[in-house]
Amino acid sequence: EVLLVESGGGLVQAGRSLVLSCATSGFTFDDYSLGWFRQAPGKEREGVGCIKNSINRTFYAESMKGRFTISSDSAKSTVFLQIHSLKPEDTAVYYCAADPRYCDHDMNFWGKGTLVTVSS
């Protein structure tokens, strides 16, 4: 069974950085695309970026380039999302997702999300 469990969310002051983690199990970590998404209150879900270790590539949505960094630890089957210089508009539920196909495909497996609230 594929499992994805996000952690690291919480209440954070604007300007600070935060690292979210997504512990995974049930699949060969390096063979899957691992994506981060977010959904702000009242808004549609949007993609942050995606990493695929088998081809050593990381992709970011255009609007997410600069303050977001995706990394992974294959030994721990964990993918990370670091958010720098947090802004109140970064307040959202952050989800990680996985799929055996490349990053440009819809993700089949999803975590339950972790809430990040940024105070001004």
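User: How are residues numbered, and which pLDDT is needed for local features?
Analyst: Residues are numbered from 1 along each chain as its sequence is written, and side-chain values use heavy atoms, with hydrogens and water left out. This is a predicted model in which totals for chains, interfaces and linings use all residues, while side-chain atom pairs count only at pLDDT 80 or more and local features need pLDDT of at least 70.

User: How many helices and how many strands are there in the protein?
Analyst: Helices (H or I, at least four residues) and strands (E, at least two) are taken as DSSP runs, numbered from the N terminus. From that end on, the elements run β-β-β-β-β-β-β-β-β-β-β. The count is therefore zero helices and eleven strands.

User: What radius of gyration does the protein have, and why does it agree with a compact globule?
Analyst: The radius is taken over C-alpha atoms, and the globule rule is 2.2 Å times the number of residues to the power 0.38. The C-alpha atoms fill a box of roughly 40 × 25 × 25 Å along the principal axes. Because a compact globule of 120 residues would have a value near 14 Å, the protein agrees with its 13 Å.

User: What share of the 120 residues is buried?
Analyst: A residue is buried under 20% relative accessible area, exposed over 50% and partly exposed in between, with a 1.4 Å probe and protein chains only. By this criterion, the buried residues of the protein make up 40%.

User: Which cysteine is joined to cysteine 22, and where does it lie?
Analyst: A disulfide is a pair of cysteine sulfur atoms within 2.5 Å, and the structure holds two. The bond of cysteine 22 has an S to S distance of 1.8 Å, and it is right-handed, with 45 degrees about the S-S bond. It links distant parts of the chain, 74 residues apart, with cysteine 22 in strand β3 (residues 18-25) and its partner in strand β9 (residues 92-99). Both cysteines are buried, and the partner is cysteine 96.

User: Is the disulfide of cysteine 50 and cysteine 103 left-handed or right-handed?
Analyst: The S to S distance of this pair is 1.9 Å. Cysteine 50 counts as buried at 6% relative accessibility, as does cysteine 103 at 18%. The torsion about the S-S bond is about -75 degrees, so the disulfide is left-handed.

User: Which residues is arginine 101 in contact with, leaving aside its neighbours within four places in sequence?
Analyst: Arginine 101 has its place in the loop between β9 and β10, and at 36% relative accessibility it counts as partly exposed. Its C-alpha is 9.3 Å from that of lysine 52, although the two are 49 residues apart in sequence. With contact meaning heavy atoms within 4.5 Å, the partners of arginine 101 are Ser33, Lys52, Asp106 and Asn108.

User: What is the phi of asparagine 56?
Analyst: Most residues other than glycine have a negative phi. Asparagine 56 lies in the loop between β5 and β6 (57-60) and is exposed, with a relative accessible area of 70%. Although asparagine 56 is not a glycine, its phi is positive, at about 55 degrees.
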